[in-house]
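This briefing covers two annotated segments and a ligand site. The sequence and structure are shown first.

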Amino acid sequence: MPTALLSIRHKVTIAVIALYFFMAAGVAGSYYFMYQLEDKIAYLEELSKLEESILEIRRFEKNYFLYDDQKSLATVLYHIDRVKELLKKNVPKIESLSSHEKVNGFRADLAEYERLLQSCWTARVGEECQKSSETRAEQEARIRSLGSRISDFAEGLARQKRQSIRQTMRTAVQIQMLVFAVVAFGFTVHGAFLVTKVIKPLRRLEKSTESIAKGQFKPIHDLPPEKEIREIFDSFNRMAEQLKIREEQLVQSKKLASLGTMLAGVAHEVNNPLSNISSSCEILMEELDQADPDWQKQLLKKVLEQVDKARGIVLNLLEFSRNKDFSKEWFELEPIIRKTLSLLHGQIPPQIQVDVEVEPRLKIYADKQRFQQAVMNLVSNAVQAIDGEGVVSIKARQATDGFVEVAIRDTGKGIKQEDLPKIFDPFFTTKDVGKGTGLGLFITHDIILRHGGSIQVDSEPGKGTTFLLKLPAQEVVNE
Ligand SMILES: Nc1ncnc2c1ncn2[C@@H]1O[C@H](COP(=O)(O)OP(=O)(O)O)[C@@H](O)[C@H]1O
Ligand SMILES: [Mg+2]
């Protein structure tokens with residue numbers, strides 16, 4: 001896959017800047033609406049004053065007609081002046097809410113209303129308004145209808161203004177909700193982006209690191225296009241490659257080192273039976289004619305025993321040096337362990353109890369024959385360590401770290417502290433001449449390591465010993 005044009009850092013930065021800009025625009029928009037709202041509220045106050053004055057006008061107009069008092073009339077005239085003043089101050093705004101014609105109509109109505117009331121005032125002074133009751137009633141009706149038109153107009157204005165404030169508030173809330181939705185969406189997309197582009201590759205890396213810990217040096221394929229992750233994966237792959245080379249070198253040098261020890265051992269171990277064979281042969285040659293045939297047979301039997309011993313050593317060594325590929329397969333542990341025990345049946349005295357406790361259907365991926373050989377070596381050591389009565393237990397379970405654990409425990413004599421570092425060395429044995437070759441643990445260790453597993457020993461002299469095998473529960477590519 002080609003490298004992406006923009007790195008993750010750039011993409012994240014751009015996304016964050018874009019979100020900030022959007023949020024800033026949202027805040028600016030809200031601020032603008034709030035500012036407008038403030039303006040509108042201030043203006044609504046002016047309109048309320050206008051409405052109030054007009055209400056006062058209507059109230060005192062009613063009083064005037066009811067009680068016919070001059071004071072009410074004077075108050076009406078005073079409020080008309082106020083309304084005129086407020087109108088003059090707010091003409092453009094009022095015209096924007098209503099229309100030029102309507103405002104002019106209102107002004108004309110107001111002027112006519114004032115004129116009629118004033119004429120009443122002067123008429124009253126000149127006693128003319130009351131001249132005929134008909135004129136007065138007519139005049140009153142006209143004044144009333146004008147008054148109600150005036151107050152309708154003011155009410156309409158205030159209603160419109162309130163509506164416009166409500167609208168502004170609604171728009172502001174809508175804008176805020178929109179900004180919130182977009183920002184929330186942006187953050188969600190951003191989070192999803194980080195998860196897919198960063199967290200998931202990190203998980204892959206974690207998995208690969210785990211398999212390296214199990215000795216599986218698999219490079220990561222399908223490098224993602226993101227530059228940073230690609231670089232990390234690249235260097236991880238380089239590291240895995242180097243580790244693999246180093247491990248191979250290490251195994252090689254370990255083998256060389258043990259080869260030295262082994263050669264000395266082989267020379268010694270094979271030399272013993274050879275010199276036994278040779279001295280038996282010499283005796284036989286010298287006394288071939290005179291000796292008793294039974295005694296000759298015994299000598300020849302000894303020779304055969306020594307040949308067998310030498311062959312055993314050579315066979316074990318062959319097994320170790322052979323670099324033949326393991327033929328791994330999936331198999332269930334329990335039947336294999338039971339089969340191995342049945343092969344050892346002849347070597348296990350009846351006073352030794354053997355317990356097997358394997359999790360049901362527990363499987364491993366290994367070379368069946370070599371695994372059997374390893375278990376056989378460990379069990380026969382355990383049996384040999386018990387003098388008289390005792391227990392050998394074999395337990396296997398799936399461990400949480402992806403390994404299968406097999407523990408082989410015995411209640412035997414244990415291993416001395418000073419011997420512990422040596423037990424995996426070739427030809428190290430504490431057993432009597434002819435009983436042990438000292439190759440069992442050496443070979444077992446090699447088998448387990450070549451499966452990508454490990455072997456640990458825990459022993460207490462006088463109490464017993466436990467060997468713990470850890471084998472990867474899945475397919476391991478490198479061997
Ligand atoms: N389960 C055990 N209990 C006590 N000692 C043990 C046990 N397993 C191994 N050993 C010690 O480790 C030595 C090496 O074992 P191994 O390599 O199998 O060789 P061998 O059995 O031929 O002596 C043994 O001689 C013995 O001293
Ligand atoms: Mg042994």
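**Annotated segments**

Residues 12-34 are 100% helix and 0% strand, with the end C-alpha atoms 33 Å apart; helices (H or I, at least four residues) and strands (E, at least two) are DSSP runs numbered from the N terminus. This is a predicted model, in which local features need pLDDT of at least 70 and side-chain atom pairs pLDDT 80 or more, while totals for chains, interfaces and linings use all residues. Residues are numbered from 1 along each chain as its sequence is written, chains are lettered from A and ligands numbered from 1 in the order in which they are written, and side-chain values use heavy atoms, without hydrogens and water.

- Over residues 171-195 the chain is also 100% helix and 0% strand, and the end C-alpha atoms are 36 Å apart.
- An unreviewed UniProt entry gives residues 12-34 and 171-195 as "transmembrane region"; such annotations may be inferred rather than shown by experiment.

**Shell around ligand 1**

- Ligand 1 is surrounded by 18 residues (a heavy atom within 4 Å), the closest being Asn 381, Thr 429, Thr 430, Lys 431 and Leu 441.
- At least two shell residues come from each of α9 (368-385), α10 (440-450) and β7 (464-472), and α9 has the largest share, three residues.

- A side-chain N or O atom of Thr 429 is 2.6 Å from an oxygen atom of ligand 1 (polar contact: N or O atoms within 3.5 Å).
- Gly 438 places a backbone N or O atom 2.8 Å from a ligand 1 oxygen atom.
- The protein covers 95% of the 530 Å² of accessible area that ligand 1 has on its own (Shrake-Rupley method, 1.4 Å probe).

Technical notes:
A polar contact is a pair of N or O atoms within 3.5 Å; within protein, one must be able to donate a hydrogen and the other to accept it, and residues adjacent in sequence count only if both atoms are side-chain atoms.
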